[in-house]
Amino acid sequence: MTDSPEQQRRHVVVHRLRTALARLPHWWPLPVSVLIGTASGLSYSALAADRYEATSYAMAVAEAETDPSAALGYAQSYGRLTTSDATLSYAQGAAGEPVRELRSHVRSETSPDSPMISVTGTSEDRHKAADIANAVIEAVIVSSGHVSKDTGVKLIKFTHAMTPDQAVSPSVPLGAAVGAATGGLLGGLVLLVRPRRAGLRVSAQVPGPTAGSGNVAQDDRELVR
């Protein structure tokens with residue numbers, strides 16, 4: 001069966017595309033990946049909404065008859081409770097968000113060297129970011145006060161989260177630089193894993209004896225004996 005005119009045109013287009021790709025240098029994926037990564041970084045930085053962060057801090061303090069070293073351990077425990085359902089349920093009213101959304105907008109960190117807890121709220125609204133951080137840290141402090149007589153450790157607020165002035169979203173130059181670096185990395189990986197062209201393979205060949213050199217080789221072997 002002969003191909004239809006449409007199939008023939010398709011074969012011609014595929015053949016020309018393969019020919020054009022074969023004429024490109026073998027390192028062409030690298031600059032193409034860098035360009036794509038740069039364009040992606042620029043697009044993300046220009047179109048993404050601004051995101052703000054605000055952080056509040058609390059400190060674990062040991063009571064008079066409690067070992068001061070116990071405050072460090074309880075600070076680690078309370079730090080893990082900041083994102084629990086009980087804490088977020090208590091804080092959702094002041095934060096102005098339900099528990100499901102609040103969990104994705106708050107994070108906590110503790111230090112292995114000091115009994116300090118930091119709670120960071122994130123939001124597209126700068127005022128809400130501070131409200132989230134303050135609401136969650138207050139919820140943790142209230143929860144610790146319910147058991148402070150049994151643990152001998154209480155939490156006190158160290159600093160209040162202030163309304164941030166600047167967004168933490170990446171700027172356009174930074175987004176372009178990150179995108180270009182990522183594209184260059186992916187392009188380099190493509191160059192490492194892609195198969196080499198058949199024309200670039202070099203095979204080591206040992207020339208065989210010519211017609212005139214057969215007797216010379218035989219005489220050399222006889223001399224070696």
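**Reading the fold and its cores**

From the N terminus on, the elements of the protein run α-α-β-α-α-α-β-β-α-α-β-α-α. This is a predicted model.

User: How many helices and strands does the secondary structure come to?

Analyst: Nine helices and four strands.

User: What share of the residues count as buried?

Analyst: Of the protein's 225 residues, 25% count as buried. The protein exposes about 15,400 Å². Carbon and sulfur atoms supply 59% of that area.

User: How do I read a nonpolar core, and which residues touch the most other members of the largest one?

Analyst: The general idea comes first. In soluble globular proteins, nonpolar side chains tend to be buried together. Now this case. The largest nonpolar core has 22 residues, and V136 and L155 touch the most other members. Elements giving two or more residues to this core include strand 1 (52-62), helix 3 (70-81) and strand 4 (153-159). Helix 6 gives the most, with seven residues.

User: Which residues is V136 in contact with, leaving aside neighbours within four places in sequence?

Analyst: T82, T87, L88, A91, V106 and V119. There is also a second, separate core of six residues, among them Y52, A130, A133 and A161.

User: Is S148 buried or exposed?

Analyst: The cut-off for buried is under 20% relative accessible area. S148 has 15% relative accessibility, so S148 counts as buried. S148 is found in helix 7 (residues 148-151).

User: What does the side chain of S148 reach?

Analyst: The backbone oxygen of G145, at 3.2 Å. Leaving aside neighbours within four places in sequence, S148 is in contact with V153 and K154.

Key
Residues numbered from 1 in each chain as written. Predicted model: local features only at pLDDT ≥ 70, side-chain atom pairs only at ≥ 80, totals over all residues. Heavy atoms only, no water. Core = buried A, V, L, I, M, F, W, Y, C linked by side-chain atoms within 4.5 Å. Buried < 20%, exposed > 50% of the residue type's maximum accessible area, 1.4 Å probe, protein only. Contact = heavy atoms within 4.5 Å. Polar contact = N/O pair within 3.5 Å; in protein donor to acceptor, adjacent residues only side chain to side chain. Areas by Shrake-Rupley, 256 points an atom, 1.4 Å probe, with all protein chains shown as cover.
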